[in-house]
Amino acid sequence: MRVSSDSAKPLLILGIETSCDESGVALYHTQRGLLGHRLHSQVAMHADYGGVVPELASRDHVRRVLPLTQQLLATCEHTLADLDAIAYTQGPGLAGALLVGASIAHGLAYALNVPAIGIHHLEGHLLSPLLADPAPAFPFVALLVSGGHTQLMRVAGVGEYQLLGETVDDAAGEAFDKTAQLLGLGYPGGPQIARLAERGQPGKFKLPRPMLNRGDFNFSFSGLKTAVLTAVRGKTLSESDKAHLAAECQAAVADVLVAKALNALEKTELNQIVIAGGVGANQHLRRQLDHAAARLGHRVFYPPLDLCTDNGAMIALAGALRVSAGAATATTRAFDVRPRWDLETLRGPEQALTPLS
Ligand code: KG4
Ligand code: ZN
């Protein structure tokens with residue numbers, strides 16, 4: 001997708017993502033599209049702790065972001081002087097990690113005399129299918145499934161997000177991560193559960209499909225973790241039992257997500273749905289949803305597979321959409337981060353996301 005017409009002045013945007021445990025940078029050109037992106041995952045560093053250690057995450061972002069940016073610029077045959085704006089993840093996320101990206105973005109923007117624009121991390125995720133070909137057209141339903149969020153939204157345009165429903169407790173990614181922990185698998189759990197599930201069969205164990213038949217669009221995944229705990233407590237599971245449990249966990253999460261996603265399409269009378277966030281990389285979920293949606297004549301859109309989990313490309317794209325729509329940008333160099341930030345409070349593309357005071 002391109003965000004500007006041929007006649008508009010083309011813009012080159014650097015995107016910086018540091019909200020959690022991935023340092024991501026990307027260059028997006030409003031006429032040429034995504035020029036490239038670079039990612040450093042901290043997964044190996046946090047693996048010993050079974051989850052993300054916020055202070056370690058911040059310190060690693062400090063080490064990674066500028067070298068990644070230099071490599072990216074060199075590969076794309078650009079220099080800092082070519083940048084027209086710098087987009088960074090302003091929230092939600094880990095405060096210290098966000099501050100690293102925000103500080104670097106504002107420091108570079110000040111030095112280069114270009115605007116810095118704070119982007120909502122989830123806006124990045126839900127616009128990321130626009131980086132795929134074919135891309136969806138507004139309006140569409142978005143299912144955001146990450147480690148921290150499970151939400152169904154109606155997306156009418158950039159910044160026009162109506163929450164249809166969300167999890168009342170754990171996120172879908174959390175259900176995978178916690179199940180993986182209970183099965184003695186590593187972190188993050190989603191990819192490990194998916195791999196193990198290939199050797200198992202759903203149905204050998206019975207896990208609940210919480211809130212499946214309720215008419216609303218809310219989710220609850222904490223009961224799944226309790227059910228897995230009950231299934232494993234005091235037992236020594238064989239490798240094949242573990243695989244069956246992983247397959248059942250994956251099927252339970254997918255069944256609920258697919259059913260609610262289809263309900264949301266019906267209620268909004270829309271026929272396009274985008275899946276974004278790390279859990280969107282799950283192939284079982286994709287197969288189930290593709291199959292169910294095709295039967296009902298709906299179209300499903302995903303970001304490119306490497307852009308499902310956190311990355312700089314989605315931040316650069318969201319920045320490009322907002323900057324090219326004339327988003328007002330900071331008049332002072334003061335900035336803050338928003339570790340908690342409600343997506344529904346966002347407004348259209350011209351909104352100033354960076355505080356003006
Ligand atoms: O969007 P994301 O990279 O980071 C957040 O913003 O949270 O999502 C990370 C989540 C983790 O919970 C991880 O276990 C899950 O996405 N995940 C997966 C898969 N790949 C990542 N879950 C299921 N299947 C996968 N293939
Ligand atoms: Zn994310």
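Two strands pair if DSSP finds at least two bridges between them; helices (H or I, at least four residues) and strands (E, at least two) are DSSP runs, numbered from the N terminus. The model described here is predicted, with local features requiring pLDDT of at least 70 and side-chain atom pairs pLDDT 80 or more, while totals for chains, interfaces and linings use all residues. Residues are numbered from 1 along each chain as its sequence is written, chains are lettered from A and ligands numbered from 1 in the order in which they are written, and side-chain values use heavy atoms, without hydrogens and water.

By this criterion, β9 and strand β10 (residues 299–301) are parallel partners over three bridges, with Q272 opposite R299 in β10. Strand β6 (residues 140–145) also pairs with β9 in the parallel sense, over four bridges, and L144 stands opposite A276 in β9. In strand β9 (residues 272–276), five of five residues are buried (under 20% relative accessible area, 1.4 Å probe, protein chains only). Q272, V274 and A276 point one way from β9, and I273 and I275 the other way.

Around ligand 1 there are 19 residues (a heavy atom within 4 Å), of which G147, D177, G190, G278 and N282 come nearest. Domain 1 (12–127 + 308–345) and domain 2 (138–302) each contribute at least three residues to this shell, the bounds coming from an automatic or database domain assignment. An oxygen atom of ligand 1 lies 2.7 Å from a side-chain N or O atom of D177, and a nitrogen atom of ligand 1 lies 3.0 Å from one of N282.

Methods
A polar contact is a pair of N or O atoms within 3.5 Å; within protein, one must be able to donate a hydrogen and the other to accept it, and residues adjacent in sequence count only if both atoms are side-chain atoms. Buried means under 20% relative accessible area, exposed over 50%, partly exposed in between (1.4 Å probe, protein chains only).
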